[in-house]
Amino acid sequence: MNLGQLIMISISLSMDAFSLAIIYGTLGLDKKMTNLLSAMVGSFHFFMPILGNLIGLFLLESFLPNPDFLVGIIFTILASEMLLSLKDLDARKIKITSFYQALLFAFSVSIDSFSVGIGLGVYEENTVLCGLLFSIFSFLFTKIGLDCGKRLTIRFGKIANIFGSIILLILGIKYLLISF
């Protein structure tokens, strides 16, 4: 694969992070959490393809569940949590406040880069270079998505949260369906 193809893969992998970041940006996260989420997503997008490459196809087929199913479960849980907490939105802002919530967010948008890492191993690509490209693009797309989501909230408030939750639920269902 040439550099252009690797950049296209990097952009494709970053789209999940971007769309989910827009949704979470509507939650009014502070700058510190926005930076933490962006950095965590970038870090996961660096290490997940390398880990996928090291573990290999055999281990994925033999021992691990379908990554699409796992992503679908995580997205569906996150969407349900967002929808259930909408009734309290006026009383309190929903925020990702803990390191573990940020970790779940970063993991859920980065797990697809794990399976891409397995594929890159088949093509004998430089996984460190790939991980670096994935990391840079996912960091940037997450940061931009969180900032866009914040602007949506200022203009559209609760409607943006409902819309974001529905998109997340649809993504979760899509991943669940393609895992079968």
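A search of the whole structure finds zero disulfides, a disulfide being a pair of cysteine sulfur atoms within 2.5 Å. Cys-130 counts as buried because its relative accessibility is 0%, whereas Cys-148, with a relative accessible area of 31%, is partly exposed; here buried means under 20% relative accessible area, exposed means over 50%, and partly exposed lies in between, with a 1.4 Å probe and protein chains only. This is a predicted model, in which local features need pLDDT of at least 70 and side-chain atom pairs count only at pLDDT 80 or more, while totals for chains, interfaces and linings use all residues. Residues are numbered from 1 along each chain as its sequence is written, and side-chain values use heavy atoms, with hydrogens and water left out.

**Overall make-up**

- The protein has six helices and zero strands, where helices (H or I, at least four residues) and strands (E, at least two) are DSSP runs numbered from the N terminus.
- Of the 180 residues of the protein, 44% count as buried.
- Among the contacts in the protein with a separation of 6 or more, 94% come from residues 24 or more positions apart, a contact meaning heavy atoms within 4.5 Å.

**Nonpolar cores**

- The largest nonpolar core has 17 residues, and those with the most contacts inside it are Tyr-24, Leu-29, Leu-37, Ile-96 and Phe-105; such a core is a set of buried Ala, Val, Leu, Ile, Met, Phe, Trp, Tyr and Cys residues joined through side-chain atoms within 4.5 Å.
- At least two residues of this core are supplied by each of helix H1 (3-25), helix H2 (31-62) and helix H4 (99-122), and H1 gives the most to it, with five residues.
- Another core, of eight residues, lies apart from the largest one and includes Leu-120, Leu-133, Phe-134 and Phe-141.

- The 23 residues of H1 should span 33 Å at 1.5 Å a residue, and the end C-alpha atoms of H1 are 31 Å apart, which agrees; the expected span is 1.5 Å times one less than the number of residues in the helix.
- At the N-terminal end, H1 is capped by Asn-2, of which a side-chain oxygen lies 3.0 Å from the backbone nitrogen of Gly-4; a polar contact is a pair of N or O atoms within 3.5 Å, and within protein one must be able to donate a hydrogen and the other to accept it, with residues adjacent in sequence counting only if both atoms are side-chain atoms.
- H1 bends by about 30 degrees at Ser-14, the bend being the angle between axes fitted to the seven residues ending there and the seven starting there.
- Ser-14 counts as buried because its relative accessibility is 0%, and a polar atom of the Ser-14 side chain lies 2.8 Å from the backbone oxygen of Ser-10.
- Leaving aside its neighbours within four places in sequence, Ser-14 is in contact with Phe-134, Phe-137, Ser-138 and Phe-141.
- The buried residues of H1 include Leu-6, Ser-10, Leu-13, Ala-17 and Tyr-24.
- An α-helix has 3.6 residues a turn, so residues three or four places apart point the same way.

- Met-33, in helix H2, is buried because its relative accessibility is 9%, and, not counting residues up to four places away in sequence, Met-33 touches Ile-96, Thr-97, Ser-98 and Ala-102.
- The C-alpha atoms of Met-33 and Ile-96 are separated by 7.4 Å, although these residues are 63 residues apart along the chain.
- Ala-102, in helix H4, has a relative accessible area of 0% and is therefore buried; with neighbours within four places left aside, Ala-102 is in contact with Met-33, Leu-36, Leu-37, Met-40 and Ile-96.
- Between the C-alpha atoms of Ala-102 and Leu-37, which are 65 residues apart along the chain, the separation is 5.9 Å.

- Ser-38, found in helix H2, is buried, with a relative accessible area of 0%, and the side chain of Ser-38 reaches the backbone oxygen of Thr-34 at 2.9 Å.
- Not counting residues up to four places away in sequence, Ser-38 touches Phe-139, Thr-142, Lys-143 and Leu-146.
- Phe-139 lies in helix H5 (residues 127-156) and counts as partly exposed because its relative accessibility is 33%; beyond neighbours within four places in sequence, Phe-139 is in contact with Ser-38, Ala-39 and Gly-42.
- The C-alpha atoms of Phe-139 and Phe-44, 95 residues apart along the chain, are separated by 9.7 Å.
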